[in-house]
Amino acid sequence: MLKQILDPLTLTAFTGAAAGHDGVLSDESGHLVIKPCTPAEIAFYESANAHHKNLAAFMPTFLGTLQLSGSQNLSTPSSSTTNTAETAPVPLIEAAASKAILNTPSGPERAYGKRLDTDQSIVLANVAFDFRHPNILDLKLGAQLWDSSARPEKRAKLDKIAAETTSSSLGFRIAGMRTWQGKKAADPVEHDEELKGLVEAEESGYWVYNKMYGRKFNAQDVIQGFAAYVLPPKNGEKRTKKQLERARECLELFVADVERIKEILENEASRMYSASLLFVYEGDAKAFDQAKDILENPPVERDEVEEDSEIKDDEGDEEDEEELPKLATVKLIDFAHAKWTPGQGADENSLRGIRNTIKILRDLINKVKDDIADI
């Protein structure tokens, strides 16, 4: 039996999300994300890992489910079945609900979605865990943001948001961002008065862009939001060639990942309403350069060094093997309203947003290249 040990009493509120709902938790290490979920999301992850492995490679790693009330069990996926691990009784654990209320043209709104009314949570690997200071962008896909189970009032609300934002015109919108500014980060409003009410500086050194930030853009100027993400403003300082080169590298890595996601979805029969592309890159310049150096000069494999050894512990070698660092990555996330639809073709609602994302990323690459050439 596969056993997974997770002490529920050590779980805390997850603070690294750029968008989403309240109620998300993490473990002490920060490696796990424990998110309240629907049965549909669990089913989609299980099916993707079993039968759609190309797509699963671009989803967060699915580690199982956790019931957060009473005497419960942590269920973890194995190669073919879902097994139950032995755990202590799990009391109901509530992440602190966000108190932030945003003033919007249509009235007050919560900064994050309301916590799902469920004790069932999905356990995922934190996509940003291996980055020292991850810069994160959540890009919500689709012009239609609701599935067939949505009530008429919910449909009307989401259709209105889509019509007033790039969700309608481009098939995506920026749902939130987090960018590393450093421990002495300035107030974003000092940088730009127009950011008032849209961006806040955290004591942690991050600027946090709320969901209203992405709603201010149209099809013509949304590239500015992507530029603020890959080249976070730094107190009006002029960008150096090295900073621009880092941005170019990240953008090219993003395009490669999003292109691959597009190709996979074009060959899948599915529907994913309100799914997102999650962009992550190393926001710490020193850590970025260190990771790049390792990637360009990978460490010598142990087998090459010890090829003359008479005794080798293959299992030990596998456990000790370290993954190479990443400069940037893109994952497809949020499958509460996702399902497989055999015989109904590809998900053009999501794909339209993905194709437009690729175009804007390529346009930004060209702009950054021009800026580099001008230095």
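Biologist: Where do I start? How many helices and strands does the chain have?

Modeller: Start with the inventory. The chain has 12 helices and 17 strands. Remember that the model is predicted.

Biologist: What share of the 375 residues is buried?

Modeller: Buried residues make up 49% of them. The chain exposes about 19,500 Å². Carbon and sulfur atoms supply 48% of that area.

Biologist: How do I read contacts along the sequence? What part of the contacts with a separation of 6 or more comes from residues 24 or more positions apart?

Modeller: Such residues account for 75% of those contacts. Asp119 lies in the loop between strand E8 (107–110) and strand E9 (120–125). Its relative accessible area is 30%, so Asp119 is partly exposed.

Biologist: Now a single residue. Is Arg173 buried or exposed?

Modeller: Arg173 is buried, because its relative accessible area is 8% and the cut-off for buried is under 20%. Arg173 sits in strand E11 (residues 172–180).

Biologist: Which residues is Arg173 in contact with, leaving aside neighbours within four places in sequence?

Modeller: The list includes Asp138, Leu139, Lys140, Thr165 and Arg215. Look at Thr165 next. Thr165 is in the loop between helix H3 (152–163) and helix H4 (166–170). It is buried too, with a relative accessible area of 8%. Beyond residues up to four places away in sequence, Thr165 touches Arg173 and Arg215.

Biologist: On to charges. Why can two charged side chains pair?

Modeller: Opposite charges can pair when the charged atoms come close. This structure holds 18 salt bridges. One of them joins the side chains of Arg178 and Glu202, at 3.2 Å from N to O. Arg178 is in strand E11, and Glu202 is in the loop between strand E12 (199–201) and strand E13 (206–209). The two are 24 residues apart, and the pair links distant parts of the chain.

Biologist: How are Arg178 and Glu202 placed, buried or partly exposed?

Modeller: Arg178 is buried, with a relative accessible area of 6%. Glu202 is partly exposed, at 32%.

Biologist: Which helices hold Lys242 and Asp289?

Modeller: First, the bond. The side chains of Lys242 and Asp289 meet in a salt bridge of 3.4 Å, N to O. Lys242 lies in helix H8 (residues 241–266) and Asp289 in helix H9, so the pair ties together parts 47 residues apart in sequence. Asp289 counts as partly exposed, at 24% relative accessibility.

Biologist: And which residue does Arg362 meet in a salt bridge?

Modeller: Glu259, at 2.8 Å from N to O. Arg362 lies in helix H12 and Glu259 in helix H8, so this pair ties together parts 103 residues apart in sequence. Arg362 is partly exposed, with a relative accessible area of 40%. Salt bridges can also form a network. Lys262, Glu266, Glu348 and Arg355 are linked in one.

Biologist: How do I read two helices that cross? At what angle do H7 and H12 cross?

Modeller: Follow their axes. Those of helix H7 (residues 223–230) and helix H12 (residues 348–374) come within 10 Å and cross at roughly 65°. The crossing is right-handed. From H7, the residues Ile223, Phe226, Ala227 and Val230 take part. They meet Thr357, Ile360, Leu361, Asp363 and Leu364 in H12.

Biologist: Last, the surface. Which residues make the nonpolar patch of about 230 Å²?

Modeller: Ile294, Leu295 and Leu324 make it. Leu295 is found in helix H9 (residues 285–296). At 35% relative accessibility, Leu295 counts as partly exposed.

Note on methods. Residues are numbered from 1 along each chain as its sequence is written. This is a predicted model: local features need pLDDT of at least 70, side-chain atom pairs count only at pLDDT 80 or more; totals for chains, interfaces and linings use all residues. Side-chain values use heavy atoms; hydrogens and water are left out. Patches are made of residues with over 30% relative accessible area and no salt bridge: like charges are joined within 9 Å, nonpolar side chains (Val, Leu, Ile, Met, Phe, Trp, Tyr) within 5 Å. Accessible areas come from the Shrake-Rupley method with a 1.4 Å probe; for residues, only the protein chains shown count as cover. A salt bridge is a side-chain nitrogen of Lys or Arg within 4 Å of a carboxyl oxygen of Asp or Glu. Helices (H or I, at least four residues) and strands (E, at least two) are DSSP runs, numbered from the N terminus. Buried means under 20% relative accessible area, exposed over 50%, partly exposed in between (1.4 Å probe, protein chains only). Axes are lines fitted to C-alpha atoms, for helices over the stretch in contact, and angles run from 0 to 180 degrees between N-to-C directions. A crossing is left-handed if the near helix is turned anticlockwise from the far one by less than a right angle, and right-handed if clockwise. Contact means heavy atoms within 4.5 Å.
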